[in-house]
Amino acid sequence: MPRESIAMRREEWEDFLAAQRFVVLGTLEPDGGPWARLAPAALLAGALYFGVPAGSRDERNLERDPRACCASDEFPSYYEIRGATVHGRARRVSDPALAARVGPRLDARGLPGWPPGGALAIWSLPLDDVFSFDFAKIRNRV
Amino acid sequence: MSDANEIPTEASALLAQSRRVFLLTLRPDGSPTAHPMTGNFARGRLAFSSYRKAAKTRNAVRDPRSCALALEGYAGAGARAVVTRGRLQLLEGEAAAELLGAGGAAARPGNPGVAKRASDRLAEGKRVVLAIEPAEVELLRSGEA
């Protein structure tokens with residue numbers, strides 16, 4: 001019997017991601033293994049934007065190999081668990097007008113691992129490879 | 001960043017307390033993916049229950065290089081987090097159940113029906129345990145790079 005699909009529809013994961021203030025950013029280390037860091041994020045203009053400290057390990061990873069992912073989740077109760085992971089090739093935002101629009105939405109204050117007042121580099125991921133799940137869609141409950 | 005033999009006490013305590021963990025694995029093309037998981041730290045290893053046929057399990061079998069980011073809870077990002085890197089090991093049967101039990105997973109509050117079904121699936125071999133033996137550990141604090 002095929003497993004039931006508990007994936008969110010596009011409008012559902014867009015709403016879910018739009019509500020997230022931060023994501024877990026995954027990048028690739030020089031040895032090809034994964035690396036993770038918290039990153040401020042915002043969904044707008046058809047892409048997921050995120051920030052990394054300028055010159056950080058994360059940014060060096062992205063510059064060397066832009067393949068990345070951004071993930072977030074919620075767990076109010078077991079059957080309300082939701083999550084989404086966006087995959088793709090990250091692009092640095094170099095357009096000053098776009099950076100000025102996105103920058104204020106990326107709030108890194110209080111995120112573990114972030115230096116206070118440090119310079120922020122803005123990157124984005126497209127929304128064409130998104131994995132999501134919503135446990136509210138599980139029908140076979142116990 | 002510390003190596004596995006010297007996990008800072010604070011990082012170890014946070015790993016033991018944390019349930020909200022993002023497990024990062026590599027997809028077949030080598031790109032990273034992240035799986036929101038319930039983590040269980042016991043005997044120096046960070047363990048996760050997973051279906052044998054799940055993508056994360058298949059990723060781990062194909063390429064065991066992994067990373068995990070553990071947060072303090074689900075109310076925001078919290079003030080601290082722990083990043084670990086290491087190789088994922090697949091455990092089955094008694095070894096798997098023993099590691100999850102050693103972390104006290106069975107005694108934690110939650111959905112008892114879900115916990116029992118996961119335990120049954122582990123006994124049936126449909127579920128397995130993925131465990132990271134940390135090679136690198138870093139404690140992240142709010143306000144610190």
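Author: A residue is buried if 20 or more other C-beta atoms lie within 10 Å of its own, exposed if 12 or fewer, and partly exposed in between, with C-beta atoms placed from the backbone. The model is predicted: local features need a pLDDT of at least 70, side-chain atom pairs count only at pLDDT 80 or more, and totals for chains, interfaces and linings use all residues. Residues are numbered from 1 along each chain as its sequence is written, while chains are lettered from A and ligands numbered from 1 in the order in which they are written.

Reader: Is His35(B) buried or exposed?

Author: His35(B) lies in strand β3 of chain B. Leaving aside neighbours within four places in sequence, its contacts (C-beta atoms, placed from the backbone, within 7 Å) are Phe22(B), Leu23(B), Thr25(B) and Lys56(B). Because His35(B) has 25 C-beta neighbours inside 10 Å, the residue counts as buried.

Reader: How many Å apart in space are His35(B) and Ala55(B), C-alpha to C-alpha?

Author: In sequence, His35(B) and Ala55(B) are 20 residues apart. In space, their C-alpha to C-alpha distance is 9.5 Å.

Reader: Which element of chain B has the highest mean pLDDT?

Author: pLDDT is the predictor's confidence in each residue, from 0 to 100. Chain B has a mean of 87, with 89% of its residues at 70 or more. The lowest mean among its elements, 56, belongs to strand β1 (residues 2-3) of chain B, and the highest, 98, to β6(B).

Reader: What percentage of the contacts in chain B with a separation of 6 or more come from residues 24 or more positions apart?

Author: The secondary structure of chain B comes to four helices and eight strands, in the order β-α-β-β-β-β-α-β-β-α-α-β. Of its 145 residues, 44% are buried. For contacts with a separation of 6 or more in chain B, the share from residues 24 or more positions apart is 73%.

Reader: Around the axis of α2(A), how wide is the arc that its buried residues cover?

Author: In helix α2 (residues 57-64) of chain A, the buried residues are Asp58(A), Asn61(A) and Leu62(A). They sit on the same side of α2(A), because the arc they cover (that of the directions from the helix axis to the C-beta atoms) is only 95°.

Reader: Within what arc do the buried residues of α2(B) fall?

Author: Helix α2 (residues 55-62) of chain B has Lys56(B), Thr57(B), Asn59(B) and Ala60(B) buried. Viewed down the axis of α2(B), these residues line one face of the helix, because they fall within an arc of 160°.

Reader: Which element supplies the largest share of the side of chain B that touches chain A?

Author: The contact takes 34 residues from chain B and 32 residues from chain A. On the chain B side, the elements that each supply at least two residues are β2 (20-26), β3 (32-38), β6 (65-71), β7 (80-91), α4 (112-124) and β8 (127-141). The largest share, five residues, comes from β2(B).

Reader: Is Ala45(A) buried or exposed?

Author: Ala45(A) is found in the loop between β2 and β3 of chain A. Its phi is positive, about 55°, although the residue is not a glycine. With 10 C-beta neighbours inside 10 Å, Ala45(A) counts as exposed.

Reader: What phi does Arg43(B) have?

Author: Arg43(B) is in the loop between β4 (40-42) and β5 of chain B. The residue counts as exposed because it has 11 C-beta neighbours inside 10 Å. Although Arg43(B) is not a glycine, its phi is positive, at about 55°.

Methods: Contact = placed C-beta atoms within 7 Å.
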